[in-house]
Amino acid sequence: MKASLDRSWCASSMTSASARLVLLLMLAWMTLTGCGGCRPATPAERAAREQKEREVRARQEAERRAEEKKNQPFHFGQLTPLLSENLVAAESGQPLSFVKPGHWTATVQPMRSNLADFEGRLTIAAVDDRRTPLVLPHTPYRMVSSRPVVLAKGQTKRIESEMLVPGDAQKLQVLSELAGASTRRLEQTSLHAWSKTPSHQYFMLVLAREPTRYSFLKVTDAVSWPYEDDDGKGPPHYRVVLADGNRPLPLPASVLTWTSVAYVVWDEVNLQRVSPAQQTALVDWMHWGGRLIINGPDSLDDLRGSFLGEYLPVDPGERIEVTAEMTADFSLHWSQRQYGKTHAAIALAKPWSGIALKPREGARPLPAAEGLFYERRVGLGSIVASAVQLTERELVNWPGFDGFLHGGLLRRPARQFSAEQDGAWGLQTAWAGAPQRTRDAYFTTPVRWFARDAFTQAGARQQAVEPPGPSDPYGWSPAPIARTLSVVDRPGGLGDWSEFGPVSKAARAALAKAAGVRVPAATFVVACLAVYLFVLAPLNWMVFHALGRVEWAWISAPIIAVLGAVAVVRLAQLDIGFVRSQTEIALLELQGDYPRGHLSRYTAIYSSLSSSYDLEFEGDSAVATPFPVLDADDPRRAASDLAPSTVAFERYDKTRLRGVQVASASTQMIHSEQMAALAGPVRLFAAENTPNLLQLQNKSGHDLADAVVVHRRVGSDGKDVLRGCWLGRVRQNTSALLSWSPLAMPKAGLPYAAERAQAAKLDYRPRLDVDPLLQLALRFTGADDPLHGLQEEYRLVARIDEVLPGAVASPAASQQAGATVVLAHLRRGDAAFPELDLNSPSDVADDRSRNAYDEELDDVPSP
């Protein structure tokens, strides 16, 4: 038994020892391996673990926010200018909201109703730091824009609006507010910061199936306009917007919100994405100067039967291969510079794929580009189409391409490059012969609106400021430091909503003279009194004498007196205490054979009692604001003691300007513009039997009075050579042959003064004095406009002595009068192609060669 116990003890001891040994081995192993975390983690392991934790937290936060958004009534996206919708910062990828100050702009904002269907209104306005709408300059009004909003539950919708961007705001921030239609309860608000573009900078829209292929445009010298000085690099001339042609396009529906667009590039755009309103706006824009650049091989077939079909310069032919021989003349011409070295020719590794072009009547090839590029005039603007791909790699990489893009496709004047100016080292670009106009909108956009841009300046420059003299007579104080001041003629450049330009000033002066209540003449008063006395005495007595009731004449006398007073008031259009009158002076600008015109209205409303007016406009193109009653420099201008009231520009079933407050016994003015659809064009054509004679045809639907046609060309001495033809009255649906005679514009007044005086005598209606507007319409721009100023032109100037339909004010005025000046650009000659650049950036890259080129360029004449 003892032996058995010993064996048991030994076995137990061995088991215990084995267990201890196993435990020690496990502890040793755990020490060596770290126990999966018992040892310190390496930096790489810690970083990976922290990154994984961050990703988990970010995912959880995103899920939480998504859940919160689902529970929120509305989701508001970013409010951006429509033209900037596709602009993003190169480094951060954040969206950019660039907009031209002083221009009407279309906006877009995505929004969604999460809980239920919603019907309400959206209001947007430029606001100050207190979120109060800004005051319109020189008026007692603030202005907001409003439109209806209908949202289906859970569906995101792009809401487009329009607003006037203030031209003088130092900081631009826009408030967006969504309110219910019935409750008017504010549902959602958001504040958005926008950036203003310089006065000379415009948008270049690229609409393409593959827009990224045109990214190279942003870095070309023609677009970026390299200019380095002490302040760093200057701003580019264009903001290039790359838009996918298969998605909703950033094209405003009204041409009056296209004023900041200079060029459009078109490459295989899905035509179903272009709405009818956008189509009309694009064609309007071209007629007022816009240039459309079409990538022919991928676009011409689709466009031939589209809304652009009748304006195309060419018809597409069969597919061809473009060889080096076919591009030889083109390459040689655009590789040259007037004073710089000639670039290498285009190097074709293999023939390019292209199409044959069949030029239409009125089309002409770009210089040395026959068979490759053709353009055709469309009103003031043009279309250019290519036979080759505009993004062909060998074409884009060719050193002469930037010169062709600048002078051929964009049709801009010659440049001069330098590497030193005013002590600043770095590449600088200037206009040849006009270096002081480097940042001038007349060079950067081809679009012109006569009512806004005629005879204005649109540049930005540095102006030296004379330092003050010494402050003490002994000159002990340090000499004052000279400085320069940045001067901008118009913050918005050309196309700016101008309230103090020459046309606006002329209209304001004419309105101030014509507006108000017209008191009846003395002859009218005498005639009314004679009729009243006749009715009151002889006629009254004879009537009742015939009835045998002479005594009743005394009873009827007071009744006759009351009725007579009412009749006099009615005839005189004077309702004492409730007088309202409305006067309108307008300018209608027409382009070629186009049956749509740009109608600028200037309306004055007088009221003897304080009233609130609404103006309603036909169509979706109208824009309107209160108009300053006095000029900006008028000494009578003084700040109003009244708090500014708010007017609303509305796009509902009709376009309206609502809530224009007119104080008692005062006049308020409104400026509105719209595209007016006429019954037909006013056109100039060769007479059928005598082709040497020109004939004017009026199908506008309005009678034209005091019509005169002026033909202007520039003589060899650079001066205008004018001849004119007085037509007088040209009734609608009639034609008139033109008979010319030399014309000299008087320094004061209008030509054909005797004929005008005789026509006024024969007109039975009183006429408003619109001579200041007629004088402007008969003037021609000159070399100050480098793109259009020297073109040959046939121009009609006439008047329509009535208010054109399309705008109604309420409450209605008892007295209304109006006149419209018609300016029709009947025909223009082909503009000369720009000259080649003087040199290239590569010519001034080498410091050692700079002096040689400077000596040659110093003697370059002004254009």
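Helix α8 (residues 401–409) supplies the largest share of the lining of the largest cavity, namely three residues. What you see is a predicted model, in which local features need pLDDT of at least 70, side-chain atom pairs count only at pLDDT 80 or more, and totals for chains, interfaces and linings use all residues. Residues are numbered from 1 along each chain as its sequence is written, and side-chain values use heavy atoms, with hydrogens and water left out.

**The chain as a whole**

- The chain holds 16 helices and 41 strands; these are DSSP runs, with helices (H or I) of at least four residues and strands (E) of at least two, numbered from the N terminus.
- Of its 863 residues, 48% are buried. Buried means under 20% relative accessible area, exposed means over 50%, and partly exposed is in between, with a 1.4 Å probe and protein chains only.
- The accessible surface comes to about 42,500 Å², and 55% of it belongs to carbon and sulfur atoms; areas come from the Shrake-Rupley method with a 1.4 Å probe, and for residues only the protein chains shown count as cover.
- Among contacts between residues at least 6 apart in sequence, 75% join residues at least 24 apart. Contact means heavy atoms within 4.5 Å.

**Cavities**

- There are four cavities of 30 Å³ or more. On a 1 Å grid over the protein atoms alone, a cavity is a set of points where a 1.4 Å probe fits but cannot get out, and lining residues have an atom within 4 Å of a point.
- The largest cavity has a volume of about 90 Å³, where volume is the space filled by probe spheres set on grid points joined across faces, edges and corners.
- Around the largest cavity you will find M204, Y214, F216, L217, V265, I293, L390, F401, L405, L409 and L410.
- That lining has eleven nonpolar, no polar and no charged residues. Ala, Val, Leu, Ile, Met, Phe, Trp, Tyr, Cys and Pro count as nonpolar, Asp, Glu, Lys and Arg as charged, and the others, Gly among them, as polar.
- The second largest cavity has a volume of about 50 Å³, and its lining consists of P81, L83, S84, F98, V99, K100, H103, W104, T105, F203, T257 and S260.
- By class, the lining of the second largest cavity has six nonpolar residues, five polar and one charged.

**The largest pocket**

- The largest pocket has a volume of about 1,100 Å³; a pocket is an open set of grid points with protein on both sides within 12 Å along at least five of seven lines.
- Its lining counts 45 residues, and P413, P786, L787, A832 and P834 lie nearest the centre.
- Strands β19 (373–378) and β20 each supply at least two lining residues, and the largest share, three residues, comes from β19.
- The lining of the largest pocket splits into 23 nonpolar, eleven polar and eleven charged residues.

**Helix α5**

- In helix α5 (residues 296–303), the buried residues are G296, P297, S299, L300 and L303.
- These buried residues pack against β14 (261–267), β15 (291–294), β16 (314–322), β17 (352–359) and β20 (381–386).

- S176 lies in strand β8 (residues 172–180) and counts as buried because its relative accessibility is 0%.
- The side chain of S176 makes a polar contact with the side chain of Q109, at 2.8 Å. A polar contact is a pair of N or O atoms within 3.5 Å; within protein, one must be able to donate a hydrogen and the other to accept it, and residues adjacent in sequence count only if both atoms are side-chain atoms.
- Leaving out residues up to four places away in sequence, S176 touches F76, L79, Q109, L122, T123, I124, Q188, T189, S190 and H192.
- S224 sits in helix α3 (residues 221–224) and is partly exposed, with a relative accessible area of 21%.
- A polar atom of the S224 side chain lies 2.8 Å from the backbone oxygen of T220.
- Beyond its neighbours within four places in sequence, S224 is in contact with K218, V219, P235, P236 and H237. The C-alpha atoms of S224 and G234, ten residues apart along the chain, are separated by 8.7 Å.
- G818 belongs to strand β41 (residues 815–828) and is buried, with a relative accessible area of 13%.
- Setting aside neighbours within four places in sequence, G818 is in contact with E584, L768, D801, E802 and V803. Between the C-alpha atoms of G818 and V770, 48 residues apart along the chain, the separation is 9.9 Å.
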